[in-house]
Each structure stands twice: as C-alpha cells, then as structure tokens.
Amino acid sequence: KNTAEVELKVCLDVVEHKKTSIQHVADRTDVNRESVRRILHKNKFKPYKPRFINTLKERDFDVRLEFSFWFEGEREQNNNFPYQILWTDEATFSSNGVVSSQNCRWWADENPNFVVECRDQYAFKTNVWCDILNDQVIGPYFCRHNLNSADYLHFLNTELFEVIDNMPLEMRNVVWYQCDGAPIHNTRVVKERLLEIFTGKVIGRNMVQYWPPRSADLTPLDFFLWGYLKQNVYKQRPFRDVNHLETVIRQCVLSMKPQSIKNSVKDVSRRTILCIECGGRHTEM
C-alpha cells in the first residue's frame with residue numbers, strides 16, 4: 001500500500017476509536033508502532049489525558065443550581081459583585097510533588113512534559129492559604145502542620161483581620177467572604193467570628209449563602225490558582241528545605257499578572273451560567 005493509504009487507514013482508525021492506544025492502533029491497522037506515532041504526529045493528533053472531578057451526590061445538583069442562580073442574580077444587580085468576593089482556599093505543597101488532585105487543576109497553554117520525583121523518605125510539606133480579590137492574590141500564608149480550627153481562628157483574628165482593616169471603607173462595607181465546606185471552617189466559634197467580621201456576608205457551609213460541596217469548578221483558586229502555582233513551583237525542584245519551598249511559592253505568587261487573576265474571577269460567571277444550563281452538573285464535563 002502507498003503512504004497516503006496507510007496514513008488514511010491509521011487516521012480513520014483513530015477517529016473511530018478515540019479512546020485507544022498506539023499499540024492498539026498498530027494491531028488493528030497492521031502498521032508498526034513508530035509509523036503510527038509518526039502519522040498521528042504529522043496529522044496533529046494529540047493524546048489528551050482526562051481531568052478527574054469529584055462525583056456529585058444527588059442533592060448536590062440542586063445546591064449548585066441554587067448557588068448559581070443566587071450568584072447570577074447578585075451579578076445582574078451589581079456587575080462588580082464577583083470582584084467583591086474574597087475567594088479563599090487552602091492547599092498543601094510537598095517537596096516530593098505528591099499533591100491532592102482535588103485541590104489542583106493543571107492548566108497550561110502547552111503540555112509541560114515534566115516528571116516529578118516522589119516518595120522521598122525525608123519529604124517535607126507546607127499548608128498554604130491564599131485569597132483572590134479582584135485582580136490580586138492575598139497571601140500566601142503558611143502553616144507547617146495540619147490545620148485545625150484553632151489555627152484558622154487565629155488566622156482570622158490576625159492576618160485576615162489585618163487584610164480587612166487595610167481595605168478602603170467602601171470595599172470593606174460590600175465584601176463577601178467565601179470558604180468551602182472543610183471542617184476547620186465549620187466550628188461554631190469560627191462561623192461566629194466570620195459572620196461578625198463580614199457582618200453576615202459569608203458564603204460557606206450553613207452560612208448566609210450556602211457553598212455547594214464538591215464544586216472546585218466554581219472557585220478561581222481551584223480551577224486556576226493552585227494549578228498555576230503548583231505547575232510553576234514544582235519546575236524549581238529540588239527544594240533545599242521547607243523555607244526554600246515557601247520562598248519559591250511567594251515568588252510565584254508575586255510573578256502573577258493582575259489581568260490573569262481578574263480573568264479567573266470573571267470566569268466564575270461563565271461557569272455559573274453553564275452550571276444552570278446543564279442542570280447543576282460539573283461545568284468541566
């Protein structure tokens with residue numbers, strides 16, 4: 001067979017069997033693996049890996065819809081509403097590159113094609129808290145042990161209170177605070193303190209506005225920030241110690257462009273509209 005016929009045969013096989021491997025294509029078409037690889041590359045076929053998302057429970061669909069309708073209703077009355085929310089979250093950064101897939105989305109305009117050495121017997125980690133407000137990242141703040149409600153309450157009364165105290169009065173009067181359903185956010189003393197600081201304008205579990213569980217696709221820290229930071233932080237491995245790791249994280253935060261941060265906040269509205277249109281399902285499906 002001539003080259004054109006072989007190429008057509010391989011391309012048609014891949015179009016018909018999208019979830020396949022090069023070896024399976026080679027077996028079905030009787031073309032050797034390297035030729036299959038070359039043909040696919042020449043015709044701009046790329047192997048895409050799936051993203052892993054949390055399985056939604058039956059009640060989650062209604063809760064996601066409720067939040068999305070509320071968010072869009074607020075935005076229709078005030079177009080600046082998405083930029084008046086303190087979007088917050090915590091994530092763990094480890095020296096061995098083992099990260100939680102739930103708290104990370106890896107976004108890039110090109111495949112980074114990197115490897116990560118892991119399972120280091122002497123690995124260290126740090127827990128990172130960040131906030132997005134309008135076009136800036138507030139933080140990072142670090143805790144080197146597992147976070148608990150006492151740590152979080154201390155954070156609210158020190159670092160976060162300082163952030164609020166330094167805000168212009170007009171922003172302080174309208175800002176909302178968003179947190180997810182993590183146990184450290186949901187003790188009585190923490191919830192009471194949040195409601196006091198933000199005069200009731202809190203989005204969270206059992207708060208004034210309920211935050212839908214398993215909804216990493218609706219907060220810019222999950223669908224943008226953590227993926228960006230971990231991709232750029234882990235490029236600078238190995239880390240000498242935890243101080244070095246935290247320094248790299250700070251540098252990566254400082255290097256972020258304000259417009260990119262603001263675009264991620266703007267994208268929340270597109271996602272809530274999409275959530276409504278698809279009946280509460282994940283917007284990334």
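Colleague: Why are R37 and E34 said to be separated by about one helical turn?
Modeller: In this predicted model, R37 and E34 are three residues apart in helix α3, so about one helical turn lies between them.

Colleague: What makes R37 and E34 a salt bridge?
Modeller: Their closest N and O atoms are 3.7 Å apart. The cut-off is within 4 Å, so the pair counts as a salt bridge.

Colleague: How do you know that the side chains of K42 and E7 meet in a salt bridge?
Modeller: The N to O distance is 2.8 Å, and the limit is within 4 Å, so the pair qualifies. This pair links distant parts of the chain, with K42 in helix α3 and E7 in helix α1, 35 residues apart.

Colleague: Which of the terms buried or exposed applies to K42, and which to E7?
Modeller: K42 is at 52%, over the 50% limit, and is therefore exposed. E7 is at 11%, under 20%, and is therefore buried.

Colleague: What makes R64 and D217 buried?
Modeller: R64 is at 0% relative accessibility and D217 at 2%. Buried means under 20%, so both residues count as buried. Their side chains meet in a salt bridge of 2.9 Å, N to O.

Note on methods
Residues are numbered from 1 along each chain as its sequence is written. This is a predicted model: local features need pLDDT of at least 70, side-chain atom pairs count only at pLDDT 80 or more; totals for chains, interfaces and linings use all residues. Side-chain values use heavy atoms; hydrogens and water are left out. Helices (H or I, at least four residues) and strands (E, at least two) are DSSP runs, numbered from the N terminus. Buried means under 20% relative accessible area, exposed over 50%, partly exposed in between (1.4 Å probe, protein chains only).
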